[in-house]
Amino acid sequence: MLNHGWPGSFVEFLGVIGPLTNPRAHGLDPATAFHVVVPSIPGFGFSQPLAPGFEVGRVGQAYLQLMGMLGYDRCLVQGGDFGSTITLAMGTMAPDHIIGVHTNFLLTIPPQDPTFLTSLDERDRAKLQLLARFNAELSGYSMVQSTRPQTISYGLTDSPVGQLAWIVERFKDWTGAKDAPEEVVDRDQMLTNAMIYWLTASAASSAQLYYESADGMRMAMSGVAPPPVTVPVGVASYAHDIALPIPQPRREGGHQDRALGGVRPGWPLPRHGTTGRVRDGPTDLRRDRHPRLDRPRSPGVTLAAGLVPAAPSGKP
């Protein structure tokens, strides 16, 4: 399962579906073929809007139910941005069903302990400064959507230019682009992604996830430790992520630093094309950690664009 965040969609995974489902056609080992499920977060694009109280944990529960409905008892899960939070929640909630998780965005809040802070090396102090810059300069969108998602949505729904600017600015901030995001992100795919939000008028319903998950984010920023993830965890961090792990993860699994890209590593780059990043992370977790995993005989892809959330009082 590949999980997007905001302002993403299933579009960001189109470039990696082929190598994952048909690796032979891409010069990869055919034994590493997967069935791939790419859900849309409730309220994003073509997926039905969120029910009240539908925060990231309940999205994870709904995804687990979705996999069961599709006939999968165990799976690997990957995600970035909000998809990372959903992915880690799934690993926490269902360790018997989640073989391993891989994330390309891991937010770690260092303890407010002077001894710990002084023990950081130069590299980790630079990561801390990166997080501080995000909080001070780049997190305005998050604050607005966490507190007034309905208010901002009127302007975004009324103006295609406003919706495009609201999304494209994130790609500029998160990819290391100097002047324009299309320097490092394919323009057509970026426009396709923005059009999904515009045509479905999902500015408000997608921003609602920030509002519903705000309490959890405030707890994380205050240093409250989340429940432990007991399944294998793989982390890839990229040079222009809005935050980098501090210190680097040391859980079972692995960590990889990347020179290119930001929180959307699955997107094709204008000058580089789609890279071989799908070779890392989940493929390695399956081969190295679970050698007896039964491989599907006929890999394929499911785009779950119409996920319907359950009522708040019911099961996911």
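1. Of the 316 residues of the protein chain, 49% count as buried, where buried means under 20% relative accessible area, exposed over 50%, and partly exposed in between, with a 1.4 Å probe and protein chains only. The model is a predicted one, in which local features need pLDDT of at least 70 and side-chain atom pairs count only at pLDDT 80 or more, while totals for chains, interfaces and linings use all residues. Residues are numbered from 1 along each chain as its sequence is written, and side-chain values use heavy atoms, with hydrogens and water left out.

2. On the overall fold, the secondary structure of the protein chain comes to twelve helices and seven strands, these being DSSP runs numbered from the N terminus (helices H or I with at least four residues, strands E with at least two). Among contacts in the protein chain between residues at least 6 apart in sequence, 72% join residues at least 24 apart, a contact being heavy atoms within 4.5 Å.

3. Aromatic pairs are counted for rings of Phe, Tyr and Trp (its six-membered ring) whose centres lie within 6.5 Å, with planes under 30 degrees apart called stacked, over 60 edge-to-face and the rest tilted. By this rule there are seven aromatic pairs. One of them joins phenylalanine 44 and tyrosine 197, which is edge-to-face because the ring centres are 6.2 Å apart and the planes stand at 70°. This pair links distant parts of the chain, since phenylalanine 44 lies in the loop between β2 (36-39) and α2 (56-69) and tyrosine 197 in helix α9 (residues 187-199), 153 residues apart. Phenylalanine 44 is buried at a relative accessible area of 2%, and tyrosine 197 is buried at 1%.

4. For phenylalanine 82 and tyrosine 210, the ring centres are 4.8 Å apart and the planes are at 80°, so this pair is edge-to-face. Phenylalanine 82 belongs to helix α3 (residues 82-93) and tyrosine 210 to helix α10 (residues 203-212), so the pair ties together parts that are 128 residues apart in sequence. Both phenylalanine 82 and tyrosine 210 are buried, and the two belong to one aromatic cluster that is formed by Trp6, Phe82, Phe134, Tyr141, Trp174 and Tyr210.

5. Two packed helices are described by the angle between their axes and the distance between the axes. Here the axes are lines fitted to C-alpha atoms, for helices over the stretch in contact, and angles run from 0 to 180 degrees between N-to-C directions. Helix α6 (residues 140-147) packs with α10 at an angle of about 85°, with their axes 7 Å apart. That makes α6 roughly perpendicular to α10, on a scale where angles under 35 degrees count as roughly parallel, over 145 as roughly antiparallel, 65 to 115 as roughly perpendicular and the rest as oblique. Tyr141, Ser142, Gln145, Ser146 and Thr147 of α6 make the contact with Ala207, Tyr210 and Tyr211 of α10. By class, this contact of α6 with α10 has four nonpolar, four polar and no charged residues, where Ala, Val, Leu, Ile, Met, Phe, Trp, Tyr, Cys and Pro count as nonpolar, Asp, Glu, Lys and Arg as charged, and the others, Gly among them, as polar.

6. Helix α7 (residues 149-158) and helix α8 (residues 160-175) pack at an angle of about 115°, with their axes 5 Å apart. Their contact is made by Ile152, Leu156 and Asp158 of α7 together with Pro160, Gly162, Gln163 and Trp166 of α8, and its residues divide into four nonpolar, two polar and one charged. Arginine 170 lies over the face of tryptophan 166, at 5.5 Å from the ring centre; the rule asks for NZ of Lys or CZ of Arg within 6 Å of the ring centre and within 35 degrees of the ring normal.

7. Some backbone details deserve a check. Most residues other than glycine have a negative phi, and most peptide bonds are trans. The peptide bond from tryptophan 6 to proline 7 is cis, with omega near 0°, and proline 7 is found in the loop between β1 (2-3) and α1. Aspartate 81, in the loop between β3 (75-79) and α3, has a positive phi near 60° and is buried, with a relative accessible area of 9%. Alanine 201, in the loop between α9 and α10, has a positive phi of about 50° although it is not a glycine, and at 45% relative accessibility alanine 201 counts as partly exposed.
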